[in-house]
Amino acid sequence: MHERYNELKLAEKGARISILAYIVLAILKVGVGYMSASKALIADGLNNTTDILASFAVLVGLKISRKPADDNHLYGHFRAETIASLIASLIMIAVGINVFYQAIYDFIFAKAEAPDLIAAVVGIVCAIIIYIVYRYNKKVAIEINSSGLMAAAKDNLSDAWVSIGTAVGIIASQFALPWIDPLVAIIVAILIIYTGWDIFREASHNLTDGFNKEELDNIAVCIKKVEEVREIKEIRGRFNGNNIFLDVIVRVNPELSVVEGHNITEEIEERLKKELNITEVVVHVEPDI
């Protein structure tokens with residue numbers, strides 16, 4: 001478990017880099033967006049402000065998650081990160097709805113004008129910057145097996161594509177098609193809402209002890225590799241932050257001694273740790289009668 005705390009600390013570094021990058025990008029995009037009259041670039045910049053809040057929430061969650069178990073939290077504080085993600089998703093959805101409303105209004109009622117081409121250049125530069133952040137976070141996430149940081153990396157990648165889309169819309173508006181810019185702003189708003197909903201769905205699923213059946217099936221296959229296990233009577237899984245907690249009931253030869261039964265549980269735990277990186281397992285042994 002100490003190793004997991006160190007991994008969470010390393011994940012914090014990725015969250016801090018994301019925050020710093022998003023602050024710079026948001027200021028740059030919103031500022032240039034207003035100066036160049038680009039609705040799409042402004043919407044993209046507002047998207048990055050939600051990413052600042054989301055990354056900050058994840059950072060706070062990671063810090064709280066590293067707190068050791070206490071009398072009131074015997075399983076530790078790992079779920080703090082999931083709660084932070086849930087809060088961040090609600091913020092993203094709210095901002096996305098606001099951007100969508102404003103973009104629709106500008107598209108229907110406002111007189112659209114082609115923004116300055118500098119807005120497209122800014123969009124492309126920002127896409128390159130956030131893609132570099134994505135590569136870093138993805139690398140770290142794979143090294144420490146952090147699903148939270150990997151989700152942040154995927155968000156970085158989606159932001160890079162959004163910035164590219166924004167640049168494309170701005171360039172297209174130069175060819176007597178100024179309405180494309182607010183149209184791209186609508187698309188950006190939809191992407192913000194979709195990303196927020198996706199994070200909300202996953203976080204709420206984990207907080208309500210949801211667990212993927214296919215993953216349980218893979219875990220069962222791993223357990224059955226232990227020769228002494230005759231049958232898996234029950235297997236239940238849940239997430240505590242990024243950690244998987246398992247409750248397993250297996251049936252074995254009823255003539256085995258208590259020590260032999262204990263050795264089987266240790267072998268199951270060791271196999272799950274080695275092959276699937278699952279360290280929190282409670283194995284109950286029953287006689288196969």
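Colleague: Is Asn 206 buried or exposed?

Modeller: Asn 206 counts as buried because its relative accessibility is 12%; buried means under 20% relative accessible area, exposed over 50%, and partly exposed in between, with a 1.4 Å probe and protein chains only. Please note that this is a predicted model, in which local features need pLDDT of at least 70 and side-chain atom pairs count only at pLDDT 80 or more, while totals for chains, interfaces and linings use all residues. Residues are numbered from 1 along each chain as its sequence is written, and side-chain values use heavy atoms, with hydrogens and water left out.

Colleague: Where is Asn 206 found, and what is it in contact with?

Modeller: Asn 206 lies in helix α6, residues 180-207. Helices (H or I, at least four residues) and strands (E, at least two) are DSSP runs, numbered from the N terminus. Apart from neighbours within four places in sequence, Asn 206 has contacts with Arg 79, Thr 82 and Phe 239, where contact means heavy atoms within 4.5 Å.

Colleague: How many aromatic pairs does the structure hold?

Modeller: The structure holds 4 aromatic pairs. One of them is Tyr 75 with Phe 245, a tilted pair at 5.7 Å centre to centre and 50° between the planes. Tyr 75 is in the loop between α2 and α3 (79-108) and Phe 245 is in strand β2, 170 residues apart. Tyr 75 counts as exposed at 54% relative accessibility, but Phe 245 counts as buried at 6%.

Colleague: Why is strand β2 described as largely enclosed?

Modeller: Strand β2 (residues 243-252) has 8 of its 10 residues buried, so the rest of the structure largely encloses it.

Colleague: What is the strand order in the sheet?

Modeller: The open sheet of 3 strands runs β1-β2-β3, with mixed pairing; two strands pair if DSSP finds at least two bridges between them. The edge strands β1 and β3 each pair on one side only. Strand β1 (residues 231-240) is antiparallel to β2 over 9 bridges, and among the bridge partners are Glu 231 with Arg 251 and Gly 237 with Leu 246. β2 and β3 (residues 280-287) are parallel over 8 bridges, with Phe 245 bridging to Glu 280.

Colleague: Changing topic, which residues have the most contacts inside the largest nonpolar core?

Modeller: Leu 41, Leu 62 and Ile 130 do, in a core of 28 residues. A nonpolar core is a set of buried Ala, Val, Leu, Ile, Met, Phe, Trp, Tyr and Cys residues joined through side-chain atoms within 4.5 Å. The elements giving two or more residues to this core are α1 (2-36), α2 (39-65), α4 (118-144) and α5 (147-173). A second, separate core has 22 residues, including Ala 220, Val 229, Ile 232 and Leu 246.

Key: Rings of Phe, Tyr and Trp (its six-membered ring) pair if their centres lie within 6.5 Å; planes under 30 degrees apart count as stacked, over 60 as edge-to-face and the rest as tilted.
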